[in-house]
Amino acid sequence: MTDVKQEEITKVIVISSDKVLPVDAAMKIYESEFPVTVKETCFGLIVTGPAEDVLMVTEEIRKLDKNHIFVKDRGFPAGDERRCRASRGGGPRPGFHFLREEVRMLPAIGAALDELEAKGPVKESPTKKDKLKVSELERIIEAELAR
Amino acid sequence: MSEETGIVKIALVSCGSEYSGVQPEFEAAAAEVNAKFVYPEIDVAGLDNIGREFGLEVASGDLRLMMARAKAVVEGTTHVDGVFITTCFRCAEGAIVRNEVRRYIHKHSNIPVISYSFTERTTAGTLLTRLEALTTVARRRHLLAREVQTGLTAGIDSGSTTTKAVVMRDNEIIGSGWVPTTKVLESAEEAYSLALKEAGVSRDEIQALGTTGYGRFLIGDHFNAQLIQEEITVNSKGAVYLADCQTGPATVIDIGGMDNKAISVDDGIPGMFTMGGICAGASGRFFEMISKRLGVDITELGALAVKGMQEKVTMNSYCIVFGIQSLVNSLAKGAVPEDVAAAACYSVVEQIFEQQLQEVDVKEPLILVGGSSLIEGVPKALGDLLKIDVLVPKSSHLIGAVGAALLASGYVEE
Amino acid sequence: MAKVFIYPVNSLILADLVERFGHKPLAVMNQVREKVTNISLDSPPVNITPEDPKVGLRYAAVEVPPGVRGRMALIGPLIEDAEAAIIVEAPPVNFGCVGCNRTNELMKYIVRSKDIPILELRYPETEENAPEFMYKIAAFLESLPREEEK
């Protein structure tokens, strides 16, 4: 019993794919028999386990549709009650909502990754205009008033 | 929630508490008063526009979240018994939102609210008074709605320096007693007897009794009081009752024998308050000592101060020891007692301004209560400092006892 | 491989893109993990204790609110480690560890005062802007040194 416990990590896998459903990805992990905990969510999966295993699992999942599956780290393990709505008296968890906002942008990001892969980067469009100078605004107002 | 004992659900509307290391202290304090924090459900999509909707646009997301949570509470999306609003001490953006969210909830609902600003040094002990006030307001809301004293009731305020008692009948004070606190029970007996004697009634005739102040539990048990209540709630109620401004906002400043309080009140219910309890330099004790040094009775100090000019005396410290040393030095340099008395009054109110009023905004009317309010120089100095008219209601020194007698009348059988 | 600080510090898109293009994202989640898996601490939810705002004194004085200093204790070390940074302005709903704008201002200032490559861009307001947003990030990440450091 001298095993040094490997550091456990948690990854959030967000699936924004037409080809892969969260349940497919989950099945893939179950079949792989990696010693990780998987939690299905409405966006994809949360995977907790020893660092090496989690990294390998996420790599495998990403390969299913690499430009449309996104991964980030998560501080809390899956189902941690310190962040669980039920035990914390309800209300939004900070990370969840930002994630939800970002998820809305993922189809566009995924499409851009596809395009980038196909033909390389496109040119940037011109940058935003600066604000009008106060002196310039004053001049315009005065000119208008003088009319 | 059952009226007096059940768990009170308190919405925690906060910014920064999770990142300041104080969250466990909040939870510990809540557990102590049998309360539980909940986090109101909100519509995240609405967060971007909540500032517009609220009319208060701020840059910080967590402050917008506070507004959204307040809205959820007001609209009943999340049912709660009380709201605790808290932000980081020294954050201006947070302070503005904290105060306005408190007013918003008060204006649009009947849910009690208490607010507070914390530092990383805030402990459960500090929070306890606040949460005690909040939960008692939540549990005894029907009592606090009372604006008129009915029947024959009494109130005893067992303070650190003096014990006060009043007997009231049909909305009139008919007897009062005011004695220095020596032994808590004996002093309460004495003050109560004096009040009963003046009122010409016997103890058996009293229909309900309320106790407040430091010794409230001890004397409450002893006299079998119907109501035992902390002084923030009682004094807020007592102050607006005596000053006859029971509806709308008010600010109550209570300068007691050993500490002082500033309370922001809406419709007689405390919202934000601060208490000073570390230094006695801003208390009745300071006035006692300076009166002694000037060779006058404390009842004469006020009249003396009104005639003096505080500007003529240099005070180097607010401390009860060093401050008095400054005053003594100025006497030795030829300052007249009037100026010294005025300087003492100014020193006390300046301290209240610098310490208590940092977190309590001053809404008119400003009601000054507590024994020190009787020293005329004090309301004058406070008014000069804050550029505001200070209201000292009749019987202002009996504030706690009057508040307790008023609230106790809620226990009189109709 | 460069260590890239990202702002917003918890962004999925930024963390994913940095990793996808062969670099290491320095995200707050990893800091939070260190905190919440430390069993010697019991200060839910994020295990920030009153000691953290003191650690934050390295970034701001006592007069700065404890919530700013506590957040900086979490995020400051990431900035110190950063070899590059991507800052996205005007992101949607921001709360939690990025819920305090004063912290965000201080964070970005410290990043900008470091002598490292920084990409600053706005969060795409429409889906049409998203590809360009992504290309800028991709180009920036491609420009960073890729070779393994010692």
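**Note on chains A, B and C**

1. In this predicted model, the centres of domain 1 and domain 2 of chain B, taken over C-alpha atoms, are 34 Å apart. Chain B has three domains: domain 1 covers 8-139, domain 2 is made of 152-232 + 399-411, and domain 3 covers 245-392.

2. The largest nonpolar core has 208 residues. The members that touch the most others are Ile10(B), Val83(B), Val166(B), Cys345(B) and Ile6(C). Helix 13 of chain B, residues 337-355, is the top contributor to this core, giving 10 residues.

3. Val83(B) deserves a separate entry. Beyond its neighbours within four places in sequence, Val83(B) contacts Ile10(B), Ala11(B), Val13(B), Val73(B), Ile105(B), Ile111(B) and Val113(B).

4. Where chain C meets chain A, 33 residues of chain C and 34 residues of chain A take part. On the chain C side, helix 1 (12-20), helix 2 (28-36) and helix 6 (129-143) supply at least two residues each. Helix 6 of chain C gives the most, with 8 residues. By class, the side of chain C that touches chain A holds 21 nonpolar, 6 polar and 6 charged residues.

5. The contact of chain C with chain B involves 25 residues from chain C and 24 residues from chain B. Helix 3 (51-55) and helix 4 (66-81) of chain C are the elements giving two or more residues to the chain C side. Of these, helix 4 gives the most, with 4 residues. The side of chain C that touches chain B comprises 14 nonpolar, 7 polar and 4 charged residues.

Terms used:
Residues are numbered from 1 along each chain as its sequence is written. Chains are lettered from A and ligands numbered from 1 in the order in which they are written. This is a predicted model: local features need pLDDT of at least 70, side-chain atom pairs count only at pLDDT 80 or more; totals for chains, interfaces and linings use all residues. Domain bounds come from an automatic or database domain assignment. Two residues are in contact if their C-beta atoms, placed from the backbone, lie within 7 Å. Ala, Val, Leu, Ile, Met, Phe, Trp, Tyr, Cys and Pro count as nonpolar, Asp, Glu, Lys and Arg as charged, and the others, Gly among them, as polar. A nonpolar core is a set of buried Ala, Val, Leu, Ile, Met, Phe, Trp, Tyr and Cys residues joined through C-beta atoms within 7 Å. A residue is buried if 20 or more other C-beta atoms lie within 10 Å of its own, exposed if 12 or fewer, and partly exposed in between; C-beta atoms are placed from the backbone.
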